[in-house]
Amino acid sequence: MSQDEKLHIISAIVEHKPGVLHSVSNMFRRRGFNIESISVGVAEQEDLARMTITIKGDERTVEQVVKQLKKIIDVVKVSILNPAHTVTRELALIKVSTPDAQARSDIINYTEIFKGHVVDVAHESLIIEVTGDSDKINAFIELMKPFGVKEIARTGITALPRGMRSIKME
Amino acid sequence: MVKMTGAKALIESLKREKVEVIFGIPGGAILPVYDELYEASIRHILMRHEQCAAHAADGYARASGRVGVCMATSGPGATNLVTGIANAYMDSSPIVAFTGQVPKAFIGKDAFQETDIIGITTPITKCNFQITAASQIPKIVKTAFHIASTGRCGPVLIDIPRDTQTEEAEMNFDVRIDLRGYRLNHDPHPLQVKKAVDLLMNAEKPVILAGGGVIASNACSELLSVAELLLAPVATTLLGKGSIPENHPLSLGMVGMHGTIAANKIIQEADVLLAVGTRFADRTTGSVKKFCVDAKIIHIDIDTSEIGKNIRPHIPIVADAKKALKSIYANLVQILQRKERTEWMRKIKEFKDQQEGIVNSKEGLSPPRLLSELRKILPENAIITTEVGQNQMWAALYMKVYKPRTFISSGGLGTMGFGFPAALGAKTACPDQPVIDIAGDGSFIMTEQDLASSVVWGIPVTVIVLNNSVLGMVAQWQRLFYNRRYSAVNLGKVPDFVKLAEAYGAQGVKVGSVEELKEAVMKSLKSEVTTVIDVPISSEENVFPMVPPGGELDKFMVG
């Protein structure tokens, strides 16, 4: 990342119907913009979905991304979220080896410190659910690595502006 | 509410959109619609290739300003439309393309003649729809025409599975369009207009750059008013040709890689550039970094995403070109003291004379002379279409255009084979205007099969084949930039165009002089069948001026 490139969080309200994710992701591919993460789910109105897209780039890139997104007819609304006024969360499921009882106990302790949950227990592994901003999840994964991380599934960032700021439909 | 099949509802919807003509080719997956067309009042022109159907719809749209319609079956029919749709997309031409699709139960099963045309056309349409319930047809068709013809115009594709065409449903034709994500803003922001007016008022050397958007929004008279008030010369892009009469003293002609001397020299000297309805394509600007470096740029465009995409303007105005120019004029006229720009006007005249010199220095069948002489005998309202390559650039440089919508060329995609089917579409839209396709041999043989449709359907156009037996523009690049290594450009044997035309029931004539060409064209204009005029030219001819790719506009080669 060059100096003027940074992470931008874009929140887009789109029609919740087949093909829209394709239109959106295809626009990124076609225009050569790289998606860092994208998460999609139903929004407050069930016929709308909210996409949270994070990209790295300079101000010009993000400006063009927003304009190109707005141009897609099924994209209803687009906002750039200011990180200072935004709640961002990511969820990760991490499967960790538990070679012995000591390891198992350490992992459970760490999980509690990170306010995570053990969601699956087997003889030789645990699955842990952690939510938080990406830094927190990265930190937790680093902590787990010595035990042997077998699998990771991350959702990518999802985000909402704080307080009364709102980008939902009028 | 009235009960009917999807196919019938489609025809009814097209009638409500006042569609008069469809260019297309039937096939299994669209047969129910064609069955309804059998007794419908809408004219269907059977083309010989779906690509031509799409180009014809495109030519129809550009000549008339209305939506062009094309239709094809699923699979190969649909994919053959793709080049034509991409062409319309790049040049913002309003067409609606209908494709049949395999029955719903077969979708995704790689059924016979199935393709994912929605997936394929997503990046080359403004919007596309697959209709999966017959009852949706009235609303989706209405929406498609609305999207294609408003804002920045463009192609829309509608894909209809065969069983949806035969399904019966209650149809509501008085349906409202609701598009939450498609809100049009046509009005310029008053503050931005004021800023633009301040700049223009104080400009010493204002230049206007007019793109296809000026023609699309019918803003040509507003453009002329602003230009005359400011005494600002007007350069056009390829697609902007016709936005100002090219015999007007303020007209500079086309700018860009093959721009005129005047346009390329003058635009680089501008202190304020008013760019309207152009996307600053690379063929227009040359090196972006060295484009209009001393100028403050005002950019008017209906498409927000074009603002700052290639060139960062000082004053962006997102608006319809007509409304924006009207508003600028209204503000300017109150305050502007009309300036004399004697010295500058003299300079413009001098550059224009240099361009004329290129024509006059040539003898025999040189394309510049050929085409400027040809222009003299054509009526002002003659529609000129072009193929792509040298023929196109010679036409753009040497055939002066006096009215909007009379120069139709494939700009963005540069589609060889575009000009002839586009000419058929233009002639269908404007049967009382002569239509002339300036062609190259390489381009013409890409879509020449539609001579058949021109004859069968009585759509007489004139095709002038500048015949040099090579892919001329590629050969020019190889000559200039690849040390004359002519790799794969020699066509070797092109057909005898006279016989080819006659084989289809059209007329063919070979000419060997400017006089013979004029005579043949005059005769063809009176004829009721298409005429192909074969004009042998040298394969060594270059299109000049030429700015090498990525170069600065005012540093061009002249020979």
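One term before the details: buried here means under 20% relative accessible area, with a 1.4 Å probe and protein chains only. Also, this is a predicted model.

Start with helix α11 of chain B, residues 261-269. Seven of its nine residues are buried, so the helix is largely enclosed by the rest of the structure. The buried ones are I261(B), A262(B), A263(B), N264(B), I266(B), I267(B) and Q268(B). What covers these residues of α11(B)? The cover includes strands β9, 206-210, β10, 234-236, β11 and β12, along with helix α14, 342-361, of chain B.

Those strands bring us to the sheet. In chain B, six strands form an open sheet with parallel pairing, in the order β11-β10-β9-β12-β13-β14. The edges are β11, 251-254, and β14, 315-318; each of them has a single partner strand, so one side of each is left without a neighbour in the sheet. From one strand to the next, the twist averages 15°.

Strand β12(B), residues 272-276, and strand β13(B), residues 296-301, are joined in the parallel sense over five bridges. For L274(B), the bridge partner in β13(B) is I298(B).

Last, chain A. I108(A), V118(A) and V121(A) make a nonpolar surface patch of about 220 Å². V118(A) belongs to strand β6 of chain A, residues 117-121. Is V118(A) exposed or partly exposed? Its relative accessibility is 33%, so V118(A) counts as partly exposed, the range between 20% and 50%.

That is what I have.

Key. Residues numbered from 1 in each chain as written. Chains lettered and ligands numbered in written order. Predicted model: local features only at pLDDT ≥ 70, side-chain atom pairs only at ≥ 80, totals over all residues. Heavy atoms only, no water. Pairing = 2+ DSSP bridges. Helix = DSSP H or I, 4+ residues; strand = E, 2+ residues; numbered from the N terminus. Axes fitted to C-alpha atoms, helices over the stretch in contact; angles between N-to-C directions. Patch = residues over 30% accessible without salt bridge, like charges linked within 9 Å, V, L, I, M, F, W, Y side chains within 5 Å. Areas by Shrake-Rupley, 256 points an atom, 1.4 Å probe, with all protein chains shown as cover. Salt bridge = Lys/Arg side-chain N within 4 Å of Asp/Glu carboxyl O. Contact = heavy atoms within 4.5 Å.
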